[in-house]
Amino acid sequence: MATAISLSFSVDPQSHHNYFHHNTHKASIFTPKYTHPFILSSKKSHLTIPLSTSQPSSSTPFNQTGRFLTNQELEKLESLEKYRYFQELEKGSLWIQIMKEEEMDVTVWLLAESFAESMLMPKGYVKFLAYLVKQYMIERRAMMPHTATLLAFYRENGEEGDLQLAGTVEVCFDKRGANANPPTPTPPKNSPYICNMTVDKLLRRRGIGWHLLKASEELISQMSSSREVYLHCRMIDTAPLNMYRKAGYTIVETDNIFILLTLQRRKHLMCKVLPDSESPLEVDEFTSSVDT
């Protein structure tokens with residue numbers, strides 16, 4: 001069985017933060033508020049999106065909170081909107097780009113259902129969890145370009161047209177994008193941080209998680225002057241742990257055993273120092289041995 005990649009995010013429904021650490025499972029679809037340009041296929045239980053060559057929307061001098069953006073922030077925001085990552089896999093093709101506003105609802109549902117299922121929670125809790133996750137994601141999106149959410153879209157070889165939503169990951173680039181109350185062990189707030197990575201259960205063992213990680217690192221190299229990247233991995237998640245180690249991450253700290261008294265799983269804080277310029281991936285060697 002493939003093991004999912006751990007998630008770690010905060011939600012703030014009543015002016016306080018709770019962190020969720022869990023494994024991901026398959027995503028299901030509900031109708032988003034914004035359907036254009038998405039196509040929801042009645043024959044498939046996943047989100048599909050047509051290929052598009054449209055240019056990113058023009059930036060405004062204000063973000064979603066009404067805060068004035070500097071010229072440097074506007075340039076970074078434009079870079080995020082233009083970012084594209086493409087990779088041919090053994091059984092299909094993968095596209096990774098920044099999450100758009102109209103893609104938030106389906107991303108929220110992917111994360112909320114994954115959390116509920118991994119924790120064996122009743123399905124009735126999914127909508128409540130989706131509400132909490134969406135509040136969190138709205139807050140995080142308002143912090144762009146200091147943080148960003150990446151989405152991975154996948155298409156099987158031989159298929160035409162639409163792409164399937166395959167996974168997501170969140171990237172924090174600097175101190176201004178850092179969570180106010182990060183999970184333990186606490187990463188440095190002035191260093192880039194990768195979290196909330198999940199891959200559709202039906203699409204694991206294709207190297208999608210690996211490329212979400214590589215896309216995150218590539219984007220960090222473009223957006224941040226810091227080369228020390230941090231992430232968390234639960235001790236029980238052996239497949240993600242192996243993936244991170246193969247990618248060059250090392251354990252720098254581990255939760256004290258007393259964290260179990262708070263009903264949380266013990267986690268490793270891992271770190272990698274990115275090179276000045278990323279070298280080409282050894283994809284074939286890695287994707288044959290990783291579950292994500």
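## Close-up views of a predicted model

S9 and strand S10 (residues 228–234) pair in the parallel sense, with 2 bridges between them. The views described here all come from a predicted model.

View 1. S9, which comprises residues 193–199, is mostly covered, with 7 of its 7 residues buried. Together with helix H4 and strand S10, S9 also makes up a β-α-β unit, and this unit is right-handed.

View 2. Asn196 is found in strand S9, and its phi is positive, at about 55 degrees, although the residue is not a glycine. Most residues other than glycine have a negative phi. Is Asn196 buried or exposed? Because its relative accessibility is 4%, and buried means under 20%, Asn196 counts as buried.

**View 3. Helix H1 and its buried side.** Helix H1 consists of 12 residues (71–82), which at 1.5 Å a residue should span 16 Å, and the C-alpha atoms at its ends are 17 Å apart, in agreement with that expectation. Within H1, the residues Glu73, Leu77 and Leu80 are buried. They lie on the same side of H1, because the arc that they cover around the axis is only 60 degrees. An α-helix has 3.6 residues a turn, so residues three or four places apart point the same way. The buried residues of H1 pack against strand S6 (92–98), strand S7 (147–156) and helix H4 (208–223), whereas the face turned away from the buried side carries Asn71, Gln72 and Glu75, which are exposed.

View 4. The structure holds 10 salt bridges, one of which is formed by Asp105 and Lys134, with the closest N and O atoms 2.7 Å apart. Since Asp105 belongs to helix H2 (residues 104–118) and Lys134 to helix H3 (residues 126–141), the pair ties together parts that are 29 residues apart in sequence. Both Asp105 and Lys134 are buried.

View 5. The side chains of Arg140 and Glu170 meet in a salt bridge, with an N to O distance of 2.8 Å. Arg140 lies in helix H3 and Glu170 in strand S8, so this pair ties together parts that are 30 residues apart in sequence. Arg140 counts as buried because its relative accessibility is 6%, and Glu170 is likewise buried, with a relative accessible area of 4%.

**View 6. Glu217, Lys272 and the network that includes them.** A salt bridge brings together the side chains of Glu217 and Lys272 (3.1 Å, N to O). Distant parts of the chain are linked by this pair, since Glu217 is in helix H4 and Lys272 is in strand S12 (residues 267–273), 55 residues apart. Salt bridges that share partners join Lys214, Glu217 and Lys272 into one network. With a relative accessibility of 0%, Glu217 counts as buried, and Lys272, with a relative accessible area of 10%, is buried as well.

View 7. Most peptide bonds are trans. The peptide bond from Met144 to Pro145 is cis, with omega near 10 degrees, and Pro145 has its place in the loop between H3 and S7. Thr184 and Pro185 are also joined by a cis peptide bond, for which omega is about -15 degrees; Pro185 is found in the loop between S8 and S9.

**View 8. Leu263, a loop residue with a positive phi.** Leu263 lies in the loop between strand S11 (250–254) and S12. Its phi is near 65 degrees, a positive value in a residue other than glycine. Where the surface is concerned, Leu263 is exposed, because its relative accessible area is 80%.

Technical notes:
Residues are numbered from 1 along each chain as its sequence is written. This is a predicted model: local features need pLDDT of at least 70, side-chain atom pairs count only at pLDDT 80 or more; totals for chains, interfaces and linings use all residues. Side-chain values use heavy atoms; hydrogens and water are left out. Helices (H or I, at least four residues) and strands (E, at least two) are DSSP runs, numbered from the N terminus. The expected span of a helix is 1.5 Å times one less than its number of residues. Buried means under 20% relative accessible area, exposed over 50%, partly exposed in between (1.4 Å probe, protein chains only). The arc is that of the directions from the helix axis to the C-beta atoms. Contact means heavy atoms within 4.5 Å. Two strands pair if DSSP finds at least two bridges between them. A crossover is right-handed if, with the strands pointing away from the viewer, the path from the first strand over the helix to the second runs clockwise. A salt bridge is a side-chain nitrogen of Lys or Arg within 4 Å of a carboxyl oxygen of Asp or Glu.
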